[in-house]
Protein chains: 4
Amino acid sequence: MSFQNPVFIPGPTNIPEALRKACDMPTIDHRSPLFGQILHPAREAVRKVLKSTSAEIFIFPSTGTGGWETAITNCLSAGDTILAGRNGVFSHRWIDMCQRHGLDVQIVETPWGEGLPADRFEEILTADKEHQIKAVLATHNETATGVKSDIAAVRRALDAAGHPAMLFVDGVSSIGSMDFRFDDWGVDVAVTGSQKGFMLSAGLAIVGFSAKAMEATKTASLPRTFFDVHDMAKGYDNNAYPYTPAVGLMNGLNEACKMLLNEGLENVFARHTRIATGVRRAVDAWGLKLCAVSPDVYSDTVSAIRTPEGFNATDIVTHAADAYGVAFGVGLGEVAGKVFRIGHLGSLTDVMTLSGIATAEMCMVDLGLDIKLGSGVAAAQEYYRAAPSLAHKDAA
Amino acid sequence: MSFQNPVFIPGPTNIPEALRKACDMPTIDHRSPLFGQILHPAREAVRKVLKSTSAEIFIFPSTGTGGWETAITNCLSAGDTILAGRNGVFSHRWIDMCQRHGLDVQIVETPWGEGLPADRFEEILTADKEHQIKAVLATHNETATGVKSDIAAVRRALDAAGHPAMLFVDGVSSIGSMDFRFDDWGVDVAVTGSQKGFMLSAGLAIVGFSAKAMEATKTASLPRTFFDVHDMAKGYDNNAYPYTPAVGLMNGLNEACKMLLNEGLENVFARHTRIATGVRRAVDAWGLKLCAVSPDVYSDTVSAIRTPEGFNATDIVTHAADAYGVAFGVGLGEVAGKVFRIGHLGSLTDVMTLSGIATAEMCMVDLGLDIKLGSGVAAAQEYYRAAPSLAHKDAA
Amino acid sequence: MSFQNPVFIPGPTNIPEALRKACDMPTIDHRSPLFGQILHPAREAVRKVLKSTSAEIFIFPSTGTGGWETAITNCLSAGDTILAGRNGVFSHRWIDMCQRHGLDVQIVETPWGEGLPADRFEEILTADKEHQIKAVLATHNETATGVKSDIAAVRRALDAAGHPAMLFVDGVSSIGSMDFRFDDWGVDVAVTGSQKGFMLSAGLAIVGFSAKAMEATKTASLPRTFFDVHDMAKGYDNNAYPYTPAVGLMNGLNEACKMLLNEGLENVFARHTRIATGVRRAVDAWGLKLCAVSPDVYSDTVSAIRTPEGFNATDIVTHAADAYGVAFGVGLGEVAGKVFRIGHLGSLTDVMTLSGIATAEMCMVDLGLDIKLGSGVAAAQEYYRAAPSLAHKDAA
Amino acid sequence: MSFQNPVFIPGPTNIPEALRKACDMPTIDHRSPLFGQILHPAREAVRKVLKSTSAEIFIFPSTGTGGWETAITNCLSAGDTILAGRNGVFSHRWIDMCQRHGLDVQIVETPWGEGLPADRFEEILTADKEHQIKAVLATHNETATGVKSDIAAVRRALDAAGHPAMLFVDGVSSIGSMDFRFDDWGVDVAVTGSQKGFMLSAGLAIVGFSAKAMEATKTASLPRTFFDVHDMAKGYDNNAYPYTPAVGLMNGLNEACKMLLNEGLENVFARHTRIATGVRRAVDAWGLKLCAVSPDVYSDTVSAIRTPEGFNATDIVTHAADAYGVAFGVGLGEVAGKVFRIGHLGSLTDVMTLSGIATAEMCMVDLGLDIKLGSGVAAAQEYYRAAPSLAHKDAA
């Protein structure tokens with residue numbers, strides 16, 4: 001097994017040395033005050049990363065998918081109506097989960113590559129005079145298409161409609177990497193995981209609940225135990241968990257938050273924009289297009305790159321792994337075979353990114369695409385060198 | 001944070017050096033063949049540890065509690081009747097989970113300290129002519145009381161009654177440490193976690209399903225997505241997961257199984273019996289009693305030790321942590337304050353165990369109990385030296 | 001390979017978790033300012049551990065033996081006379097090194113088990129009217145016999161004789177564990193290594209030079225390059241080394257010093273005295289004697305324990321390794337077969353120490369010595385519990 | 001401290017994950033058989049890496065410089081004459097060491113950038129009828145200039161002259177990366193360190209002695225103790241060292257040799273040639289020249305690249321560290337300011353190398369050199385993609 005090259009999948013990300021060490025912890029008693037010294041600061045720090053002052057933070061030994069389940073089983077009851085846009089595989093999966101839990105999902109189909117249509121949401125919400133809709137689901141960053149949606153606009157849609165539905169946001173591939181504002185956007189449940197912006201291994205579902213969402217848990221009747229936030233809250237009050245916590249990973253989360261907050265969230269976001277822009281310059285130099293239809297929806301954590309008609313984009317991913325030992329992401333769902341994805345979130349430098357761009361170039365040339373070697377690299381270099389980052393000094 | 005002393009909680013256990021290193025892994029692409037080289041051998045090896053040739057093994061980024069939820073949500077429907085014995089906190093919690101998922105639990109209350117009453121199960125099952133009971137739940141080893149139950153006898157009860165109910169067994173604190181026979185005992189769902197016999201951090205729910213249990217999943221209608229075994233099975237067919245797996249921990253699981261299987265399961269079990277016997281000799285020398293009422297139910301992974309009337313057993317645990325930096329387990333539920341627990345599972349040597357016994361002695365004397373210093377240690381030494389183990393050579 | 005039990009050799013010691021992680025470092029450029037951020041603080045901190053305000057600190061990729069060579073080759077010339085006491089294997093080896101480098105060593109033979117005879121030194125120095133003696137060599141703590149010598153008394157001997165000889169002190173198994181006062185004692189060269197009080201792996205020779213010793217280097221003509229302190233000093237001025245430094249180990253050294261200084265040197269020494277006293281109580285309870293002849297020379301870092309006539313003490317060490325996976329130290333040189341050694345320096349707790357004592361007891365009983373199981377443990381427990389240490393909270 | 005980017009210094013190299021873990025070892029008893037299981041296989045494996053069947057291998061806790069000292073102090077006496085070529089800083093330093101140890105060095109000054117002049121050696125050796133010359137010193141790969149010398153030719157010179165002088169070779173930056181033939185070339189002492197081809201941290205001097213060199217040690221009278229090969233050999237006979245070995249680093253060395261031998265030495269060398277060729281293509285594309293004057297002396301482990309007159313090449317190194325967090329090597333000695341160096345030895349992939357080339361390009365453009373961004377990268381890509389390496393699968 002070789003670990004020499006960075007990975008360029010859109011999560012899990014490359015784990016910084018300091019976080020590897022924070023996670024690799026001997027066993028401690030998870031019912032001792034020592035655990036409290038990890039648990040409480042981690043929750044407090046996650047709250048800050050969410051830009052919230054009051055969200056209740058719950059951390060489960062699970063993944064983002066478990067976070068979705070936490071959101072719906074704690075706040076909703078069988079038969080409840082919810083509103084959701086579908087513009088990629090991950091929004092699709094959350095919708096599917098809702099349906100399997102007996103929820104009635106009103107789906108707004110949205111072209112893959114576009115952001116969620118806040119205006120359409122507003123129409124629907126306005127029309128829902130009896131407030132049948134209990135929650136609006138929104139995927140902040142569609143990892144499958146490299147598209148970010150405007151959550152503030154979704155909030156405005158709710159407000160304009162005077163609608164009391166809760167707002168549930170999937171921030172799995174945005175939180176900790178792209179601007180996310182729990183309080184300002186009136187988010188009721190935010191869902192993420194440990195393996196993206198937090199730069200850790202997968203293994204934690206990280207969820208924030210607003211006071212309104214907490215209130216909803218009192219009447220929500222979907223069955224839940226593992227993901228029950230009341231059990232969890234009761235545990236926290238005793239420095240503990242209702243079951244055994246993933247202590248090392250939580251210690252890593254605590255350290256990851258410190259790294260992000262010490263760097264400054266705005267600096268973290270700017271760093272992601274910067275790295276992403278270099279990738280986009282390369283794509284442009286190659287004469288290719290992103291799946292994301294316009295700059296306002298370009299994701300700063302992952303780029304899904306369309307390849308020419310008739311070419312199987314998945315071949316790039318397979319070839320990169322086989323020939324160069326580099327991992328990119330394949331296209332999923334509707335865009336399978338049509339795009340390949342370069343993940344550029346978490347702990348990445350210009351230098352690492354250039355190696356990913358260089359590899360993609362070699363692969364495309366190897367597979368017969370009309371790409372000039374060095375062209376994407378040069379475009380990214382030109383961008384990066386104009387404003388050399390000091391990120392390597394900050395993000396250990 | 002100090003990590004110098006071993007822990008004596010009944011899980012998570014002390015993590016062997018080799019497993020710490022196996023878990024501490026850089027990021028790999030979890031959709032690549034490389035992941036398959038971890039996933040499939042790990043599942044195959046877990047099957048062997050369960051002593052099964054055909055169980056379907058599912059591994060979730062979760063904990064034993066998630067394993068319980070996997071068992072019931074995949075195999076049962078709301079309103080189903082199940083039969084369960086309650087003889088400690090963990091059997092209680094599983095029952096509670098069932099009730100919260102809308103199952104009708106027929107509870108056989110059993111004194112804490114006794115094993116599950118297979119004869120009583122037989123009566124009830126025999127009386128259930130219409131086979132309303134869909135599943136029998138049995139906790140193999142009650143971690144709260146240090147009591148093991150006779151699962152083979154539960155199987156015989158089902159057979160004697162000619163009852164088709166499934167047999168779900170919680171083997172969280174027995175599998176990998178005490179004899180467990182999935183096939184011989186006709187277990188339908190076995191549940192465990194990574195942090196006990198497998199000597200890893202918490203973070204994995206490990207579950208085995210029989211063919212009969214797999215068949216039951218087809219009609220079971222409790223809502224499930226994160227813990228859905230069909231989604232999981234479909235992922236496995238593609239070397240993957242329906243979401244992001246905890247790769248490092250799975251790599252550790254694979255290594256842990258290799259360690260156990262290389263040592264030989266019977267040797268592993270004998271080693272646990274040996275370590276446990278030393279602890280029991282010490283308890284005897286102290287003039288104290290176990291919570292477990294008779295030798296046939298003594299657990300080889302944890303001893304719950306009763307302290308004299310009027311003494312708060314929890315003080316021992318608090319004092320051990322404060323004064324000596326050693327972690328023991330407190331009493332839980334009905335036996336809170338009445339027992340303290342010494343966990344003796346996983347990677348332990350005579351030498352480590354003697355240090356735990358010596359610490360317990362100091363604590364009891366410090367707190368005014370009439371215990372002779374060195375007495376428990378001497379009794380354990382006498383036992384251990386009679387047959388010096390070579391465990392330190394085998395279990396790295 | 002199993003690493004479950006602590007080691008009880010008199011160095012290398014058990015490495016605290018935090019220091020393992022500090023040493024396990026990716027490659028950095030050792031000619032960059034980053035290296036300076038390790039080098040300079042490490043040297044400054046070592047100076048403090050030596051209780052010096054002005055010693056020049058040199059750190060070589062080597063061991064204590066290389067430190068001895070540094071002392072003599074930088075400060076002396078072939079044919080120079082030096083004065084040294086021989087009371088154990090390590091003082092013997094340093095003397096042997098001097099002779100092989102062409103120095104004329106005036107040896108004061110001292111019974112093994114006794115400290116260096118400062119009074120005899122004073123006589124010899126007083127008699128050396130022409131100041132032929134260029135240096136006095138003194139081993140602060142004889143690791144072979146568990147004997148500490150009174151270095152302050154050696155200094156007083158020099159002063160009483162009005163003799164200008166330099167004072168070279170081997171503090172390999174004392175510095176960082178027992179009180180050592182470079183400035184107060186007028187030490188000219190102090191020698192130690194990374195693997196004892198500093199709790200790291202072997203690999204660094206750590207040496208302190210007084211202004212007088214630095215002056216002596218100007219005329220000293222023994223050949224040297226690898227151990228040349230001028231080359232080293234010139235390197236330090238450029239944040240660098242004359243060759244490639246052991247960066248990770250130096251990072252560990254820096255952290256180790258922080259741990260010691262944060263705990264407080266007097267607390268560190270008191271902790272060692274405390275742990276050692278428990279061991280000595282056990283020896284007493286066993287009815288055995290130390291090699292060290294009287295309490296004023298008892299070492300707080302290692303106890304050499306005499307076994308009865310006709311018994312081969314080395315068997316204890318062999319048996320402990322074979323039967324229990326525990327490492328003690330054998331007797332060396334004159335006391336080979338007559339003593340076995342329990343190292344009790346570095347990062348040890350009461351609980352770990354008790355496990356070592358318990359193991360020694362089992363071994364002695366296994367080998368037919370008339371020792372009561374639990375007796376030494378009880379004596380140590382009695383001592384330790386009288387004043388429970390909080391060391392486990394401080395020394396991570 | 002950030003460790004995200006690979007280093008491109010000519011050693012220490014990037015440490016593979018597996019070797020980091022092999023070195024990071026808990027303390028074991030270095031006088032136990034367990035240590036023998038590390039020591040003897042490591043020595044045997046190093047012998048194979050040297051392509052020798054009979055060389056005596058000695059491993060010191062030191063560095064390559066200590067290896068040089070081992071060679072001369074064990075085989076020579078004060079006043080002995082030796083022959084050495086000087087064509088860079090490292091050959092210069094070894095010569096300087098010899099002079100400081102009182103040897104009479106006959107120096108063949110050689111232009112920096114050229115290899116050692118075997119023909120000139122032959123003339124001198126032939127003229128030395130009385131065989132005053134006891135040893136010929138040859139630096140296989142001058143790390144300062146990126147020049148390899150033809151050691152086989154030096155051997156032929158000795159043979160042609162019928163001269164019995166020993167042949168000492170500095171293989172610090174060649175062994176384990178470039179073809180080195182201890183037996184075929186009739187090498188008498190070969191010197192290397194842990195931090196180059198062996199891909200470990202600095203901390204070990206690794207030395208091979210021929211039977212003839214071992215014979216010479218019997219009469220050689222330069223003072224030595226730390227580096228005495230007889231003391232070392234005596235220790236090895238007892239599974240031990242004359243002092244405390246660097247156990248973890250030796251465990252790493254053992255693993256490193258396994259990696260190299262499993263890959264196959266010829267494959268390792270071919271991999272280095274391949275990576276180096278890519279770098280040289282980039283240099284060519286930039287319109288720059290190597291310090292090495294002709295292809296027959298191009299080093300496969302490091303390239304020293306000449307920058308235009310009037311430009312300070314060191315600025316590239318400083319800027320790369322400051323602006324991009326990447327470490328290159330500065331020019332040393334005569335070529336300080338005239339060259340910068342890209343180290344390309346040890347565990348490197350195409351992808352990592354391209355990132356180094358891309359960084360060098362950005363730096364040169366940032367500093368005003370007339371270099372086309374992407375040009376060097378494209379040239380290297382073109383070369384690498386023509387024959388995609390599978391190195392990433394082999395060299396973990």
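1. Two residues are taken to be in contact if their C-beta atoms, placed from the backbone, lie within 7 Å. This criterion applies to the contacts described below.

2. The structure is a predicted model, in which local features need pLDDT of at least 70 and side-chain atom pairs count only at pLDDT 80 or more, while totals for chains, interfaces and linings use all residues. Residues are numbered from 1 along each chain as its sequence is written, and chains are lettered from A and ligands numbered from 1 in the order in which they are written.

3. Chain A is divided into domain 1 (17-262) and domain 2 (264-394), with bounds that come from an automatic or database domain assignment. The C-alpha centres of domain 1 and domain 2 of chain A are 28 Å apart. Each domain of chain A brings 23 residues to the contact. On the side of domain 1 of chain A that touches domain 2 of chain A, helix 4 (89-100) and strand 6 (147-148) each supply at least two residues. Helices (H or I, at least four residues) and strands (E, at least two) are DSSP runs, numbered from the N terminus.

4. That side of domain 1 of chain A holds eight nonpolar, eleven polar and four charged residues. Here Ala, Val, Leu, Ile, Met, Phe, Trp, Tyr, Cys and Pro count as nonpolar, Asp, Glu, Lys and Arg as charged, and the others, Gly among them, as polar.

5. Between chains, 37 residues of chain C are in contact with 37 residues of chain B. Helix 11 (314-324), helix 12 (350-366), helix 13 (375-386) and helix 14 (391-394) of chain C each give two or more residues to the side that touches chain B. Helix 12 of chain C gives the most, with eleven residues. By class, this side of chain C has 18 nonpolar, twelve polar and seven charged residues.

6. Chain C is superposed on chain B by a rotation of 180° with 0.0 Å of shift along its axis (RMSD 0.0 Å). That is the relation of a two-fold axis. The superposition is by least squares on the C-alpha atoms of residues with pLDDT of at least 70 in both copies. Of the interface residues of chain C, 100% are also interface residues in chain B, so the copies meet through the same surface.

7. Arg224(B) lies in the loop between helix 7 (211-216) and helix 8 (229-237) of chain B. Arg224(B) is buried, because 23 other C-beta atoms lie within 10 Å; the cut-off for buried is 20 or more other C-beta atoms within 10 Å of the residue's own, all placed from the backbone. Neighbours within four places in sequence aside, Arg224(B) is in contact with Thr73(B) and Asn74(B). Thr70(B) is 154 residues from Arg224(B) in sequence, yet their C-alpha atoms are 8.3 Å apart in space.

Key: A residue is buried if 20 or more other C-beta atoms lie within 10 Å of its own, exposed if 12 or fewer, and partly exposed in between; C-beta atoms are placed from the backbone.
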